[in-house]
Amino acid sequence: MDSTDKFTNAFKSSPEMEKFLCDRLVDPTQPISERFRALFSLRNLKGPGPRDALIRATKDSSNLLAHEAAFALGQMQDAEAIPALEAVLNDFSLHPIAAEALGAIGLESNIPLLKNSLVSDPAQEVRETCELALERIEKLKASGSDGSSMTERSPFMSVDPAAPASSCSSVDMLREVLLGEEKGMYERYAALFALRNHGGDEAVSAIIDSLGATSALLKHEVAYVLGQLQNKAASAALSDVLRNVNEHPMVRHEAAEALGSIADDQSVGLLKEFAKDPEPIVSQSCEVALSMLEYEQLGKSFEYLFMQAPLMQV
């Protein structure tokens with residue numbers, strides 16, 4: 001059992017800690033960075049308390065927090081969250097992450113919900129996400145998997161929207177697919193995750209080049225993957241994305257979080273600059289990234305993810 005498992009089990013045995021985290025997450029008077037600390041802690045837990053708090057957070061006035069709460073519910077693969085995610089999916093004002101979460105949960109019963117949004121939602125990124133989620137569920141169905149086992153998780157411990165392409169594919173072949181605007185979205189995602197898992201310089205270069213894609217959804221995922229890789233070679237390209245005020249906010253926000261993961265001097269300076277961006281999802285992403293960096297620089301990255309006992313004096 002690793003240290004994360006130990007702390008997760010400790011939380012399960014502490015109703016007081018769980019209540020504190022739930023209350024902190026949904027408290028709009030708290031700084032966004034503190035609410036994210038609670039969110040990151042709660043997504044390691046299971047049960048009605050954490051689930052209900054995350055569901056409440058999907059309706060928060062902060063689009064960033066609502067987005068991350070829906071993402072967390074998908075990563076937790078909690079079927080009890082499906083009705084709430086359906087409500088988010090049917091609300092055109094909210095982010096497309098609910099469709100991804102339904103795909104991550106992977107149940108065949110989610111197919112009608114996703115098909116309905118695929119044809120009715122006015123936002124391209126939502127329709128593309130539904131397309132991805134549907135293909136993921138169909139592939140799980142064909143393989144006889146329910147998507148809940150650890151074998152469905154990536155080497156980065158995430159539940160990805162697509163299974164990586166065949167490991168026998170060359171980097172050049174994967175690059176061609178990822179950059180191919182005529183290719184299907186699931187196929188391009190599969191190439192992206194295969195390149196991520198490869199991780200060599202040529203693979204990282206191909207991923208960086210795909211930040212020039214026309215799909216905002218794909219670019220959002222590319223930035224997320226570059227954050228997982230934490231490769232400094234991506235810093236300049238991600239910085240350009242964050243600086244581009246004409247880019248889709250969800251792409252800029254993911255670029256900000258990726259720069260926080262890379263954490264070189266240039267990235268930190270840029271995050272401080274754009275923590276004042278007029279787009280809330282961007283400024284809040286920078287604020288959260290800087291908060292996480294502060295803990296890491298103090299050698300307390302573990303404390304960022306798990307609230308400490310003194311904070312319970314509320």
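I took a cavity to be a set of points, on a 1 Å grid over the protein atoms alone, where a 1.4 Å probe fits but cannot get out; lining residues have an atom within 4 Å of a point. I took a volume as the space filled by probe spheres set on the points, with grid points joined across faces, edges and corners.

**Entry 1. Ground rules.** I noted that this is a predicted model, in which local features need pLDDT of at least 70 and side-chain atom pairs count only at pLDDT 80 or more, while totals for chains, interfaces and linings use all residues. Residues are numbered from 1 along each chain as its sequence is written, and side-chain values use heavy atoms, without hydrogens and water.

**Entry 2. Confidence.** I looked up pLDDT, the predictor's confidence in each residue, from 0 to 100. The protein chain averages 87, and 87% of the residues score at least 70. Residues 1-13 stay under 50, and the model gives them 16 contacts (heavy atoms within 4.5 Å) beyond four places in sequence. Residues 307-314 are also below 50, with 17 contacts beyond near neighbours in sequence.

**Entry 3. Cavities.** I searched the whole structure and found 4 cavities of 30 Å³ or more. I listed its lining as His 67, Pro 96, Ile 97, Glu 100, Thr 129, Leu 217, His 220 and Met 250. Helix 7 (97-105) and helix 13 (216-229) each supply at least two of the lining residues; helices here are DSSP runs (H or I, at least four residues), numbered from the N terminus.

**Entry 4. Helix 7.** I checked burial, meaning under 20% relative accessible area with a 1.4 Å probe and protein chains only. Just after helix 7, Gly 106 takes a positive phi of about 80 degrees.

**Entry 5. Gln 77.** I placed Gln 77 in the loop between helix 5 (63-76) and helix 6 (82-89). Gln 77 is buried at 15% relative accessible area. A polar atom of its side chain lies 2.8 Å from the backbone oxygen of Ala 104, and Ala 104 is one of the buried residues of helix 7.

**Entry 6. Ala 57.** I found Ala 57 in helix 4 (residues 48-57), buried at 1% relative accessibility. Beyond its neighbours within four places in sequence, Ala 57 is in contact with Leu 25, Leu 65, Ala 66 and Ala 69.

Terms used:
On a 1 Å grid over the protein atoms alone, a cavity is a set of points where a 1.4 Å probe fits but cannot get out, and a pocket is an open set with protein on both sides within 12 Å along at least five of seven lines; lining residues have an atom within 4 Å of a point. Buried means under 20% relative accessible area, exposed over 50%, partly exposed in between (1.4 Å probe, protein chains only). A polar contact is a pair of N or O atoms within 3.5 Å; within protein, one must be able to donate a hydrogen and the other to accept it, and residues adjacent in sequence count only if both atoms are side-chain atoms.
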